[in-house]
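The sequence and structure are shown first.

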Amino acid sequence: MARISYSQYSLYKNCPKQYKLRYYDKLSTFTNNIHLIFGKAMHTTIQTWLDCIYKESVRKAEQLDLYTMLKEELVKEFIDAEAKDKQVPCTREEIEKFYLDGVEILKFLTKKRADYFGKRGWTLVGCEIPINVEVRKNVRLVGFLDVVLKSDTGQYRIIDLKTSTMGWNKYVKKDKVKAAQLLFYKMFFGQQRSVNVDDIDIEFMILKRQLYERADFPQKRIQIFKPANGSVSMNKARKDLMEFVNTVFDDAGKFIVESMIATPSKKACRYCEFLNTNDCTEGVC
């Protein structure tokens, strides 16, 4: 039984050979960095805050020392990354800088809580809600939903938290592969919970570490992006996912290695860990 994730699909769409080298050949040299450490720490901090808001009270959530919590989570993630990778993942200066950025995000979020996480009429289904669905015989898609809320009227809201330096520009928003993450989660959460997809809203909540200096317009630390998720978009995403599955896995769920050929381009190769190594000499500089 093959287990796939959105990140696998995304990597394959970027370059099938990069996917092969990481998941089939298991040659990845990937290590943690400050961006991953910060992202995990922010997720945990915000999810703990939301859990307190919806399962206890807003007043109690306001008493949480989120800044200390963030600092402790950054230290924890740093220690875990160092132990796993057997090397220091980032500098102390980076940790301090990202911590201060995180404090600004938390200040904004707690001040504007009602704009993003209104409590009236809503309950928290949970954070890190697991998805584990068979998409085809011998192939299952697994993942975790950052935040899921449910209204008194039966409407669901799936929120994916993303940390970003200065937010998403129009090119990122047009990226169909990036949008597919929430489309997959919408269709498979609905399938897993027997919920009509028309009753599920999806959104990326982008947490911006920095703001533009001397901007002529008001800026927010949080950017909401809701990708197109009607029937046309959903059907295209499902078709694209099944094309990936049927190209990469045979009927028994085993890899079809012949399908994993390089598709070099400046975009695909830009951040590839195998670029210009003995493992891949087809990259574009």
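## Contacts of Asp-240

In this predicted model, Asp-240 touches Tyr-9 and Lys-13, when residues up to four places away in sequence are not counted. Asp-240 itself lies in helix α10, which spans residues 231-248.

Both contacts involve polar pairs. The side chain of Asp-240 makes a polar contact with the side chain of Tyr-9 at 2.6 Å, and another with the side chain of Lys-13 at 3.2 Å.

Within α1, the buried residues are Tyr-6, Gln-8, Tyr-9, Leu-11 and Tyr-12. The buried residues of α1 pack against β1, α2 (16-24), α9 and α10.

## Nonpolar cores

The largest nonpolar core comprises 41 residues, and those with the most contacts inside it are Ile-4, Phe-184, Phe-188, Phe-189, Leu-241, Phe-244 and Phe-249. Two or more residues of this core come from each of β1 (2-4), α1 (6-14), β2 (122-136), β3 (139-151), β4 (156-164), α9 (176-193), β5 (200-208) and α10. The greatest contribution is that of α9, with 9 residues.

## Surroundings of Phe-249

Phe-249 belongs to the largest core. Apart from neighbours within four places in sequence, Phe-249 is in contact with Ala-2, Ile-4, Tyr-19, Arg-136, Val-139, Phe-244, Lys-254, Phe-255 and Ile-256. Among these partners, Ile-4 and Phe-244 are also listed with the most contacts inside the largest core.

Technical notes
Residues are numbered from 1 along each chain as its sequence is written. This is a predicted model: local features need pLDDT of at least 70, side-chain atom pairs count only at pLDDT 80 or more; totals for chains, interfaces and linings use all residues. Side-chain values use heavy atoms; hydrogens and water are left out. Helices (H or I, at least four residues) and strands (E, at least two) are DSSP runs, numbered from the N terminus. A polar contact is a pair of N or O atoms within 3.5 Å; within protein, one must be able to donate a hydrogen and the other to accept it, and residues adjacent in sequence count only if both atoms are side-chain atoms. Contact means heavy atoms within 4.5 Å. A nonpolar core is a set of buried Ala, Val, Leu, Ile, Met, Phe, Trp, Tyr and Cys residues joined through side-chain atoms within 4.5 Å. Buried means under 20% relative accessible area, exposed over 50%, partly exposed in between (1.4 Å probe, protein chains only).
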